[in-house]
2 protein chains.
Amino acid sequence: MDESGFCPIYEAINLLQEKWVLHIVRALLGGEMGFNQLARAVGGVNPATLSQRLERLVALGVVEKEVLQVMPPRTRYRLTRAGRELETVIEAIEAWGKKYLKPAPDPRT
Amino acid sequence: MDESGFCPIYEAINLLQEKWVLHIVRALLGGEMGFNQLARAVGGVNPATLSQRLERLVALGVVEKEVLQVMPPRTRYRLTRAGRELETVIEAIEAWGKKYLKPAPDPRT
DNA sequence: CCAGAAAACTATGAAATGTCAAGCGCTTTG
DNA sequence: CAAAGCGCTTGACATTTCATAGTTTTCTGG
């Protein structure tokens, strides 16, 4: 924390714990894509939420949005340099998940 | 994903993106503590949510809960081995945050 | 050649999730 | 002997996310 009460670590955690953010970054690490394609890659996010998350990520400089045409709409989302560097975070999560997360006992089975 | 549709990476992300989970783990990396102390260390979490998150983390084997006395209640929460290994994730986030997150322009200023 | 699908979203209302304030039994501290 | 702290729970409220539908335009299949 600096004297203004700002702590980059706390803020980073706040950003990454927002629902879908990590999934979005992970999906975009696989290459740039359009809105619906991204929604499918992420899996189960609804468009309103995705739209809002992307807006925030663009504002923060993690994702870049390129509008190719207005009508019909054609857009491309891709990670910026800052976004690509989140790969280290995703990798750490992946390694941990593979090591410690087993298929959850499904109550229906 | 295995044939049952379980993907440890997707699940790991789902866990870590739950509100407060990363903050809780980070706080506990600094050492074991009691409920209220943890709440203060995390900062701004309300007891209902904290209680629920801890329950989940205990169920998943990330956090361990030890009840020292029943009356007056005295409890200690600490990370398990799995939990401690999340340090790599936190570290990656910290490094990224320090590098890319500037004090956000506060709309009230 | 025309129905249907896909693209990128926005709108709506309802459901899930998180927050707030208060309080409980009980001990230690002032 | 009252106040403060511990570890929570409860119930009302606010915020967030959800599913679903609709918009405009182009591309694809039969």
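The surface near DNA strand C is made up of 11 nonpolar, seven polar and three charged residues. The model is a predicted one. In it, 21 residues lie around DNA strand C, and 20 residues surround DNA strand D. The two protein chains, A and B, also meet each other, with 28 residues of chain A in contact with 28 residues of chain B.

**The surface near DNA strand C**

- Among the 21 residues around DNA strand C, those that come nearest are A:Gly34, A:Asn36, A:Pro73, A:Thr75 and B:Thr49.
- Both protein chains contribute here: α3 (35–42), α4 (47–59) and β2 (74–79) of chain A and α4 (47–59) of chain B each give two or more residues to the surface near DNA strand C.

**The surface near DNA strand D**

- The closest of the 20 residues surrounding DNA strand D are A:Lys19, B:Gly34, B:Phe35, B:Pro73 and B:Thr75.
- Two or more residues of the surface near DNA strand D come from each of α4 of chain A and α3 (35–42), α4 and β2 (74–79) of chain B.
- By class, the surface near DNA strand D consists of 10 nonpolar, seven polar and three charged residues.

**Build of chain A**

- Six helices and two strands are found in chain A.
- Their order along the sequence is α-α-α-α-β-β-α-α.
- The C-alpha trace of chain A extends over about 50 × 45 × 20 Å along its principal axes.
- Chain A has 109 residues, of which 30% count as buried.
- Among the contacts in chain A with a separation of 6 or more, 45% join residues 24 or more positions apart.

**Relation between the two copies**

- Two copies of a chain are related by a rotation about an axis and a shift along it.
- Chain A is superposed on chain B by a rotation of 180° with 0.1 Å of shift along the axis, and the RMSD is 0.1 Å.
- This is the relation of a two-fold axis.
- Within chain A, the C-alpha nearest that axis belongs to A:Gln17, at 2.0 Å from it.
- The same surface serves both copies, as 100% of the contact residues of chain A recur in chain B.

**Where chain A touches chain B**

- The contact involves 28 residues of chain A and 28 residues of chain B.
- On the side of chain A that touches chain B, α1 (8–16), α2 (21–29) and α6 (87–100) each supply at least two residues.
- Helix α6(A) provides the largest share of this side, nine residues.
- The side of chain A that touches chain B comprises 17 nonpolar, five polar and six charged residues.

**The nonpolar core**

- In soluble globular proteins, nonpolar side chains tend to be buried together.
- The largest nonpolar core here contains 58 residues, and the members that touch the most others are A:Val89, A:Ile93, B:Val89 and B:Ile93.
- Which residues does A:Val89 contact, leaving aside its neighbours within four places in sequence? They are A:Leu16, B:Val89, B:Ala92, B:Ile93 and B:Trp96.
- In α1(A), the buried residues are A:Ile9, A:Tyr10, A:Ala12, A:Ile13, A:Leu15 and A:Leu16.
- These buried residues of α1(A) pack against α2 and α6 of chain A and also against α2 and α6 of chain B.

**Individual residues**

- A:Trp20 is located in the loop between α1 and α2 of chain A. Its phi is near 85°, a positive value in a residue other than glycine.
- Is A:Trp20 buried or exposed? A:Trp20 counts as buried because it has 23 C-beta neighbours inside 10 Å, and the cut-off for a buried residue is 20 or more.
- B:Trp20 lies in the loop between α1 (8–16) and α2 (21–29) of chain B. B:Trp20 is not a glycine, yet it has a positive phi of about 85°.
- B:Trp20 is buried, since 23 other C-beta atoms lie within 10 Å.
- B:Lys99 belongs to helix α6 (residues 87–100) of chain B. B:Lys99 counts as exposed because it has 11 C-beta neighbours inside 10 Å, and the cut-off for an exposed residue is 12 or fewer.
- The C-alpha atoms of B:Lys99 and B:Ala12 are 24 Å apart, and the two residues are separated by 87 residues along the chain.

Methods
Residues are numbered from 1 along each chain as its sequence is written. Chains are lettered from A and ligands numbered from 1 in the order in which they are written. This is a predicted model: local features need pLDDT of at least 70, side-chain atom pairs count only at pLDDT 80 or more; totals for chains, interfaces and linings use all residues. A residue is near a molecule or strand if its C-beta atom, placed from the backbone, lies within 6 Å of it. Helices (H or I, at least four residues) and strands (E, at least two) are DSSP runs, numbered from the N terminus. Ala, Val, Leu, Ile, Met, Phe, Trp, Tyr, Cys and Pro count as nonpolar, Asp, Glu, Lys and Arg as charged, and the others, Gly among them, as polar. Copies are superposed by least squares on the C-alpha atoms of residues with pLDDT of at least 70 in both. Two residues are in contact if their C-beta atoms, placed from the backbone, lie within 7 Å. A nonpolar core is a set of buried Ala, Val, Leu, Ile, Met, Phe, Trp, Tyr and Cys residues joined through C-beta atoms within 7 Å.
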